[in-house]
Structure formats: structure tokens, C-alpha cells
Amino acid sequence: MINYREIFEQQGLDYLTYRALIDQLLLEGKATGDVTYDLHYTKMNVQRMNRVDKTVSLNDELTSTIEHLKENYKFLVITEGWCGDAAQIVPVFNKIATASLGKIDLKFVLRDKNLPLIDAHLTNGGRAIPVLIVLNKSADQVLGTWGPRPQILQQLLKEWKKENIEMPVLAEKLHGWYAKDKTQTTQAGLTELLKRLEN
């Protein structure tokens with residue numbers, strides 16, 4: 001049985017602390033995972049997160065949905081600093097929490113330090129991240145989940161994998177899609193999630 005409240009309160013990092021952890025580990029020549037090849041990805045992801053932080057602007061529908069939230073929620077995000085999808089998405093979670101003016105409390109936990117947690121939220125049998133788990137105000141009930149990427153991209157990725165595209169090319173296609181989309185599909189998915197929570 002997963003104790004979501006305990007994980008949220010005792011292990012959860014706020015966005016600035018999560019970002020600072022990644023930066024600190026990089027200075028030490030480490031990534032949030034245990035393997036050194038993650039360093040290259042982590043460095044690129046820090047740049048991606050910086051870019052999304054600076055450029056993301058919540059669209060009108062999402063902004064309105066956040067403004068009209070009646071309940072308070074806890075957002076628990078399973079992530080890692082080396083994850084490319086996370087780099088494109090976690091700044092959006094942060095923007096949403098900031099715009100909620102206290103209605104959404106956002107925390108991040110590392111996947112590989114919380115295997116029972118990710119194993120309770122697998123995607124097609126895999127430990128894909130980021131995964132957003134929406135909890136009620138007291139963090140003892142799961143109300144919904146979202147992730148590890150927009151549904152359209154999930155489908156595209158499935159098709160690209162069938163074509164046996166090499167990993168670096170696959171990553172390029174993935175990040176190219178995110179760059180063109182400018183977080184709009186992610187925002188649409190999260191708008192739907194918030195609307196479902198409130199109905």
C-alpha cells in the first residue's frame with residue numbers, strides 16, 4: 001500500500017529545490033540516476049527547462065480552469081533530471097501551481113528512489129516518466145493521473161519505435177515535436193484533467 005501523504009510530505013521537493021538538486025549534482029559530475037551517461041542528457045535538459053520556464057505562457061482555457069478551481073489539490077510528480085520528456089513538461093506543472101495561487105501544492109520525487117510508487121503507475125508496463133499523480137487536499141486519495149507525455153506524442157513515439165529509429169534520432173524527433181508544439185498539447189491534456197477533477 002502506497003502512503004502518498006508520507007511520500008508527498010517527507011520526500012517531495014518543491015520546484016526550486018528539485019532544480020537546485022539537479023544543478024548541484026551536475027557540479028559534482030552526477031545525475032539524479034546512478035549512471036554517468038545521464039550527465040549529457042541532464043545538461044541538455046537543464047537548458048530545456050530554462051527555456052520552457054522563460055517561454056511558457058498558460059493559454060486562456062487553462063488559466064480560466066485554474067482560476068475556477070473549487071477544491072485544493074496536491075500534485076505529486078515522479079521524475080528524474082535526465083528525462084527528456086520531464087524537461088519539457090515539469091516547468092508547465094510549476095506554472096500551473098504558481099497560477100493556482102495556493103490551490104495546487106506541487107512536489108517532485110525521483111523515480112529511482114521510489115520504485116514502489118512508479119510501479120503503481122506504470123505506462124504499458126514500463127516506468128515511463130514524468131507521471132503526475134493528483135491527490136486530494138489531505139494527500140490520502142489519488143484523484144487522477146497524467147503522463148508520461150501528451151497522448152498524441154505517445155502514439156507517435158509508438159509508431160517511431162516500430163520503424164527502429166536509432167535513439168539519438170528518436171530523441172531529436174521527440175524534442176522537435178515539443179519545440180513546435182510550444183506546450184499547447186500538454187496544456188490541453190492538463191486542462192482536461194483539471195476539468196474532470198472538478199466535475
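This is a predicted model: local features need pLDDT of at least 70, side-chain atom pairs count only at pLDDT 80 or more; totals for chains, interfaces and linings use all residues.

Mentor: Residues are numbered from 1 along each chain as its sequence is written, and side-chain values use heavy atoms, with hydrogens and water left out.

Trainee: What is the order of the strands in the open sheet?

Mentor: Helices (H or I, at least four residues) and strands (E, at least two) are DSSP runs, numbered from the N terminus. Two strands pair if DSSP finds at least two bridges between them. The open sheet has 4 strands with mixed pairing, and their order is 2-1-3-4.

Trainee: How many bridges join strand 1 to strand 2, and how many join strand 1 to strand 3?

Mentor: Strands of a sheet pair through backbone hydrogen bonds, either parallel or antiparallel. Strand 1 (residues 73-79) and strand 3 (residues 131-135) are antiparallel, and Ile78 has Val131 in strand 3 as its bridge partner. Strand 1 and strand 2 run parallel, with Tyr73 bridged to Ile104 and Leu76 opposite Lys107. The counts are 7 bridges between strand 1 and strand 2 and 5 bridges between strand 1 and strand 3.

Trainee: At what angle does helix 5 run to strand 2?

Mentor: Axes are lines fitted to C-alpha atoms, for helices over the stretch in contact (heavy atoms within 4.5 Å), and angles run from 0 to 180 degrees between N-to-C directions. Helix 1 (residues 4-11) touches strand 1, strand 2, strand 3 and strand 4, and its direction makes about 85° with that of strand 2. Helix 5 lies across strand 1, strand 2, strand 3 and strand 4, and its angle to strand 2 is about 155°.

Trainee: How many residues of strand 1 are buried?

Mentor: Buried means under 20% relative accessible area, exposed over 50%, and partly exposed in between (1.4 Å probe, protein chains only). Strand 1 is largely enclosed by the rest of the structure, because the buried residues number 7 of the 7.

Trainee: With which side chain does the side chain of Thr79 make a polar contact?

Mentor: Thr79 lies in strand 1 and is buried, with a relative accessible area of 0%. A polar contact is a pair of N or O atoms within 3.5 Å; within protein, one must be able to donate a hydrogen and the other to accept it, and residues adjacent in sequence count only if both atoms are side-chain atoms. At 3.2 Å, the partner of the Thr79 side chain is Tyr18.

Trainee: Why is the pair of Phe93 and Trp146 edge-to-face?

Mentor: Rings of Phe, Tyr and Trp (its six-membered ring) pair if their centres lie within 6.5 Å; planes under 30 degrees apart count as stacked, over 60 as edge-to-face and the rest as tilted. The structure holds 4 aromatic pairs. In one of them, the ring centres of Phe93 and Trp146 are 6.1 Å apart, and the pair is edge-to-face because the planes stand at 90°.

Trainee: Is His175 buried or exposed?

Mentor: His175 lies in helix 8 (residues 167-181). The side chains of His175 and Gln88 are joined by a polar contact of 2.8 Å. Because its relative accessibility is 12%, His175 counts as buried.
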